[in-house]
Structures are given as C-alpha cells and as structure tokens.
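Open the model in your viewer and keep the selection tool ready. Each stop says what to select and what is there.

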Amino acid sequence: MRAAVLHETGQEKLEVLDDVEAVGFGPGKVRLRIRATGLCHSDVSAMSGVLPQPAPFIPGHEGAGEVVDVGDGVSGLSAGDRVLVCWLPACGDCPSCKRGQTHLCLAGFMNAGTPNFRRPGGDVFGFAGTGTFTEEVVVGAGCAVPIPDDVPFEIAALIGCGVTTGLGAAINTAQVEAGSSVAVIGCGGVGISTIQGARVRGAAQIVAVDPVASRREAALRFGATEAVAPDELADAKQRVTGGEGFDYVFEVVGRSATARTAYETTRRGGTLCVVGAGAMDDTFQVNMFELFFDEKRILPSMYGGGDALRSYERAVALWRAGRIDLESMITHRVRLDGINDALDQMRTGEALRTCVEL
C-alpha cells in the first residue's frame, strides 16, 4: 500500500512508499479506502514538531473515502459507505462528553499514541490517530462519519477539519452578532472558513489580514469587506472602528505574537477568539491590569467549539444552500506523488487548500 511517510520530526519532505500496511483492524474498528484528503497546516506543524506527534508517522487528518470492512461490534456502517474522517471522535462516556463538550473529548488524542501502520522496518503512527496521506487506514468506528451521496469526497474532506474549525469558531465559539465588526488574522483554509462563518452570522465589516497578496484577494471573494497586510491593520482599525477596536478578532495563525496583536486590535469588552494551533513553549501574555480593566473575552476555539457531528451537518446544509463556498477553497490538486509540492504551496501561502486525490 502506498503512503507518504515522515521518518523523523523536523524533516521537510515526505517519502512516498509502497511497503506500508494498515494495521489494528478488529472489533470496533473500520478499514477505509481514502479517496481525497486535504493538506491542513496542522500537518505541517506536526512535521516540524510544533504539535506533538510520535514519529515515524503518516500525516493527514482531513480525509474522506469509502468503508472497506467493519469489525465486530460496529453498527451503522457497512462496506461501501461513503464517509469523512473525524480525527476527534467523541467517546460519549468521559466527563467532557457527558457535559456536552464533545469537542474536548481526549479519546481521539489517545489514539495518536497507538501505531496504526507498519513497514518492514517497524511501526508507523498516523497523525492524530488517523493518517490520511495513504490509500487505506484503520480507525475506530467513531472516526468514520457517513456523508450524503451528493457531497463529493473532496468537499467532505474539508468539512472533516478546516471548514468545521473555521465556521465553528465564528458560529459556535464567538457567536458573532449581526452588524458587528470582525477582523480575521491569517487567511489560509481555516481563516477563509472563519470569514465565511462571520458572513453567515451577519457581520457588517470583515477585515481579512494576511501577508500573502493572493490570500488577501481570495478573502475578498469569500466575504471579507476588505483585506490588508499585517502592517496595515492599525490603519484599518482606525478607519473601520474609529480606533476603538473590532468587536471580534480571530487569531488563525497559532503564534503568541499574532495573538497579542489580535488582543490589542479587539475593543474593550470585545472578543478575541484563538483558533490557531500553536506550540507548547510559545506563551501568550497579558498583564493583570489590562485583563481586568479592558474586560476582553479571550475564547480559545478547539475544532470549532461544538459537537462535530452537528457541525458537519450544518456545513453540508449551508453548502447546499449556497451560503458558503467550499469548491473554490480547493485551489490546487495533486496526486500522492505530488505531496511535497503541496507542502511547498502551503508553506509559501500559494494554496488555500490542496486536495490530494488517491
């Protein structure tokens, strides 16, 4: 079986191999044939070591495909079913799940420590317990979510992570109010989805902030009312809000420096929503006086901050109704052999989302 493997954390290139085997099939598990997978910035962060992930591993967690086989005890899934990959499945039994915060369930993270692939040289992990840069993968049944027949695999793959994360940040976590002002710092796939979520919620002004000109141009097509480079944000704050600051600011980069900028760009009493996944040793700081005096809400948003299954259904409904544009988010398409080109396109900001077709 072919798969793209990172041998050691810190390497910039993946090696496409044909001697990989998907392992772990048994009770409660399903075997999936991956048809399409998106390249998410979290994959690059795991490769560089910003996000913790044992190596060697197969990146990819934003995928969709077909069920090949189901293990004993699996209900609701059959061979041939079309599914998307949920990298953060809810166990239903932990305290977070019982409180209704299924997006905080740790069951999916625990899967990341169990190898689900093997090569002649030894075990290989799948990123976030999945690993979708491969032809087949074995995952827990909760990771395979059925999708309607009218949803193409590449669209379902995006909904599996980036779209759900961005839409949910605006709709679930921040709950953007109609008529409000919004700034989105970082306009890759998740940032563009955040912009679309703010537009769906009825934001009056949406300022997109990104250093890459092509991403700023794309943001305007997806609903931003204007798009600026980072060094133009202070001027935009003055023009759009009279210097007061935006009602909502979304940090979609995952760095303390941009989070601090986002905090300073948020009005007193406004909301800073942290969407980007950053490193454990990168510390965001506020002083105790400003924290008290400015009364700004700081809201982290993990995977869109809501029940993933409901969020998937909402994304499909909005897409069907033409309220969000998912097709245009896919700016590049490659086969598995072109995965390193796709990585370069993401690192330079050339691509919003690259679809890897398998």
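Which residues does F250 touch, not counting residues up to four places away in sequence? Select F250, then A169, A170, A174, V176, V182, A183, V184, I185, T194, C273 and V275: these are its contacts. Contact means heavy atoms within 4.5 Å.

A note before moving on. This is a predicted model, with local features needing pLDDT of at least 70 and side-chain atom pairs counting only at pLDDT 80 or more, while totals for chains, interfaces and linings use all residues. Residues are numbered from 1 along each chain as its sequence is written, and side-chain values use heavy atoms, leaving out hydrogens and water.

**The cores.** F250 is among the residues with the most contacts inside the largest nonpolar core, along with L32, I159, V182 and I195. That core has 98 residues. Another core, of 12 residues, lies apart from it; A183, L233, A236 and V249 are among its members. A nonpolar core is a set of buried Ala, Val, Leu, Ile, Met, Phe, Trp, Tyr and Cys residues joined through side-chain atoms within 4.5 Å. Buried means under 20% relative accessible area, exposed over 50%, and partly exposed in between (1.4 Å probe, protein chains only).

**Helix α9.** Select residues 256–265. S256, T258, A259, A262, Y263 and T265 are buried here. Their cover includes α8 (233–241), β15 (246–251) and α10 (288–294). Helices (H or I, at least four residues) and strands (E, at least two) are DSSP runs, numbered from the N terminus.

**The open sheet.** Now show β3, β8, β9 and β5, in that order: 4 strands with mixed pairing. Two strands pair if DSSP finds at least two bridges between them. β3 (21–22) and β5 (57–58) are at the edges with a single partner strand each, so one side of each has no neighbour in the sheet. β5 pairs with β9 (residues 122–126) in the parallel sense, over 2 bridges. Pick F57; its bridge partner in β9 is F125.

**Strand β10.** Go to G140, in residues 136–140. G140 touches G28, K29 and V30, leaving aside residues up to four places away in sequence.

**The cysteines.** How many disulfides does the structure hold? It holds 0. A disulfide is a pair of cysteine sulfur atoms within 2.5 Å. Select C86: the nearest cysteine sulfur, that of C143, is 6.2 Å away. C86 is buried, at 3% relative accessible area. For C161, the closest cysteine sulfur is in C40, 4.2 Å away and too far for a bond. C161 is buried too, at 5%.
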